[in-house]
Each structure stands twice: as structure tokens, then as C-alpha cells.
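Take a look at the model below. We will go through it one piece at a time.

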Amino acid sequence: MRGDKDGLGVFVTVLYMGDRPMLMKDTLKCGGTTVKFELIDIRDVDFDTLMAGGPGDWALAVLAKGGVERLEEVLEKARGLPSPQRERLVVQVGVFAGL
């Protein structure tokens with residue numbers, strides 16, 4: 001379990017979707033506040049791991065390792081969803097495919 005001794009921490013994850021290698025720092029300092037977060041490059045995430053999740057994860061799977069080559073699997077999952085979830089997923093996949 002992540003967190004402080006009471007398990008009540010706030011955790012932030014940033015999902016990087018850029019074309020270039022990720023060079024961001026995992027800390028943001030704003031005056032007296034410092035926020036530390038986990039950085040994940042979407043290209044390092046396994047396609048099958050995301051496909052095991054829900055529709056939002058399926059949309060992100062297009063950007064994951066091997067996702068472009070397996071786009072048809074994502075669209076097949078979309079076909080099984082009721083409206084409006086199906087349309088939402090197709091739009092998300094279209095947006096992410098453009099990235």
C-alpha cells in the first residue's frame with residue numbers, strides 16, 4: 001500500500017503522451033508548496049494491461065506499447081458497449097489516434 005503511516009496520502013500520476021522522450025521532472029514547486037508525482041510514459045504501458053480495464057483504459061491502450069497495431073481490438077470492444085459509452089470510446093480513440 002502506498003501512502004503515509006495512516007494510508008491517507010494524496011498521490012498524483014502524470015501520464016506523458018508526447019512524441020519526444022520524457023524529460024519532465026517529477027516535482028513541482030509553487031512557493032511553499034512542493035508536489036511530487038509519478039511520471040509514466042504511455043509508451044511504456046502494456047497494451048494488454050490497459051485492455052483489462054474499462055472503456056477509458058481501452059482508449060488509452062491505443063497510445064500504449066503496441067496499441068496502434070492492435071487498434072482493431074479496441075474497436076471490437078467498443079462494438080460491445082451500449083450507447084452512449086460506445087460513441088464516447090470511439091471519439092476518445094479518434095482523438096488519441098491523432099496524437
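The crossing of helices H3 and H4 is left-handed. This is a predicted model, and the description here follows its coordinates. Two packed helices are described by the angle between their axes and the distance between the axes. Here H3 covers residues 71–79 and H4 covers residues 85–98. Their axes come within 9 Å and cross at roughly 160°. An angle over 145 degrees counts as roughly antiparallel, so H3 is roughly antiparallel to H4.

Which residues of H3 and H4 make the contact? From H3 come Leu71, Val74, Leu75, Ala78 and Arg79. H4 supplies Arg86, Leu89, Val90 and Val93. By class, seven of these contact residues are nonpolar and two are charged. No polar residue takes part in the contact of H3 with H4.

Now follow the chain between the two helices. The loop between H3 and H4 holds proline 84. The peptide bond that leads from serine 83 into proline 84 is cis. Its omega is near 5°.

Next come the charged pairs. Side chains of opposite charge can pair when their charged atoms come close. The structure has seven salt bridges. One of them joins the side chains of arginine 70 and aspartate 48. The N to O distance in this salt bridge is 2.8 Å. Where do arginine 70 and aspartate 48 lie? Arginine 70 sits in the loop between helix H2 (55–61) and H3, while aspartate 48 belongs to helix H1. The pair therefore ties together parts that are 22 residues apart in sequence.

Last, consider the confidence of the prediction. The chain averages a pLDDT of 90. Of the residues, 91% score at least 70. Confidence is lowest in strand E3 (residues 33–36), with a mean of 91. Helix H1 (residues 47–51) has the highest confidence, at 96.

Methods
Residues are numbered from 1 along each chain as its sequence is written. This is a predicted model: local features need pLDDT of at least 70, side-chain atom pairs count only at pLDDT 80 or more; totals for chains, interfaces and linings use all residues. Side-chain values use heavy atoms; hydrogens and water are left out. Axes are lines fitted to C-alpha atoms, for helices over the stretch in contact, and angles run from 0 to 180 degrees between N-to-C directions. Helices (H or I, at least four residues) and strands (E, at least two) are DSSP runs, numbered from the N terminus. Angles under 35 degrees count as roughly parallel, over 145 as roughly antiparallel, 65 to 115 as roughly perpendicular and the rest as oblique. A crossing is left-handed if the near helix is turned anticlockwise from the far one by less than a right angle, and right-handed if clockwise. Contact means heavy atoms within 4.5 Å. Ala, Val, Leu, Ile, Met, Phe, Trp, Tyr, Cys and Pro count as nonpolar, Asp, Glu, Lys and Arg as charged, and the others, Gly among them, as polar. pLDDT is the predictor's confidence in each residue, from 0 to 100. A salt bridge is a side-chain nitrogen of Lys or Arg within 4 Å of a carboxyl oxygen of Asp or Glu.
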